[in-house]
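Reader: Hi! Could you walk me through this one?
Author: Happy to, have a look first.

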Amino acid sequence: MNQPLLVTASQKAGPRLTLAIGAIVVLLLLAMPLLSLLPAGHALQVSAYTLTLVGKILCYAIVALALDLVWGYAGLLSLGHGLFFALGGYAMGMYLMRQAAADGLPAFMAFLSWSELPWYWAGTQHFAWAMCLVVLAPGLLALVFGFFAFRSRIKGVYFSIMTQALTFAGMLLFFRNETGFGGNNGFTNFRTILGFDIAAQGTRAMLFLLTVGLLLASLYLCWRLTTSKFGRLLTAVRDAENRLMFCGYDPRGFKLLVWVLSAVLCGLAGALYVPQVGIINPSEMSPTNSIEAAVWVALGGRGTLIGPLLGAGLVNGMKSWFTVAFPEYWLFFLGALFILVTLYLPKGVVGLLKKRSQP
């Protein structure tokens, strides 16, 4: 007689507990930049290193969320999201380099004896145009690539290989000095953003708060999409694309929309990553980084939204510790983690928690 009541209570307690934990995490994140403003030596003061590290992880969490939108719900495993992330970072980096150079050329162009800025640098001294590039650069590339890929009905492992080839080609292009993006050194030595000292505690605190805001806004947007009719159509694309076509729907438009949206979210994350970390170079486009993003989503649990955030936090937290304690073994650990998740946690950590919570 009491079992149905217990089952109902446990089902109601699950979402409530999740919301409570989420609210506590958000409050802690919002408190961190305020605590960073405390005087040095204060017991509650958050160091600049900790604030930067957590801010970087939050940017990665947005990338994981964007990848989950296309892989977890639409069934499109992308191994090239690092390219979209880096393009957003380079767009912001162009503005920061122009701010550091004032009326002159960026330092790397002066070193290479360039006499003028390339045409595609025009207007990058304006923050508004730089933000447009943050959205347009990854968005237009995703639109063009997705249009031809989905029109040709490329999917599965072939789609994954093509996205990996795309980011590898982008990395090789940006490594070249003549492309005007700093070569293998990329962009660094930033000084100001919107007139504020980029190294000041107040500026870092504001950038951190903007990152938290973007993460929450992205999570809300993805939640609204995935719980709507559009989200049900995405899961139909993932699970039974041919049946969806027989019902009169064209899956290409749905896939293209979610693909472009995912790329734009990555670009915005990259734009917030660069001023906090202080550097952007072609290594961010490395296929390894995109594969690592897939590990975040797989570990947390794809198709859950919360899972990828958890996976990005866990993996990058462990990475920060491993690269200090055992730097030569980090890649081996990452590979072993991906194998173990594939074999024993096909639904990720969130799937395991759901299974244990069931009566």
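Author: Let's start with a term: buried means under 20% relative accessible area, exposed means over 50%, and partly exposed is in between (1.4 Å probe, protein chains only). By that rule arginine 252 is partly exposed, at 30%. This is a predicted model, where local features need pLDDT of at least 70, side-chain atom pairs count only at pLDDT 80 or more, and totals for chains, interfaces and linings use all residues. Residues are numbered from 1 along each chain as its sequence is written, and side-chain values use heavy atoms, with hydrogens and water left out.

Reader: Nice! Which residue forms a salt bridge with arginine 252?
Author: That is aspartate 250, with the closest N and O atoms 3.1 Å apart. A salt bridge here is a side-chain nitrogen of Lys or Arg within 4 Å of a carboxyl oxygen of Asp or Glu. Aspartate 250 is partly exposed too, at 37%.

Reader: How many salt bridges does the count come to?
Author: The count comes to 6. One of them joins glutamate 292 and lysine 319, at 3.5 Å from N to O. Glutamate 292 sits in helix 11 and lysine 319 in helix 12, 27 residues apart. (Helices are DSSP runs of H or I with at least four residues, numbered from the N terminus.)

Reader: Is glutamate 292 buried or exposed?
Author: Glutamate 292 is buried, with a relative accessible area of 4%, while lysine 319 is partly exposed at 25%.

Reader: What about aspartate 239, which residue does its side chain meet?
Author: The side chain of aspartate 239 meets arginine 238 in a salt bridge, 2.9 Å from N to O. Aspartate 239 is exposed, at 57%.

Notes:
Helix = DSSP H or I, 4+ residues; strand = E, 2+ residues; numbered from the N terminus.
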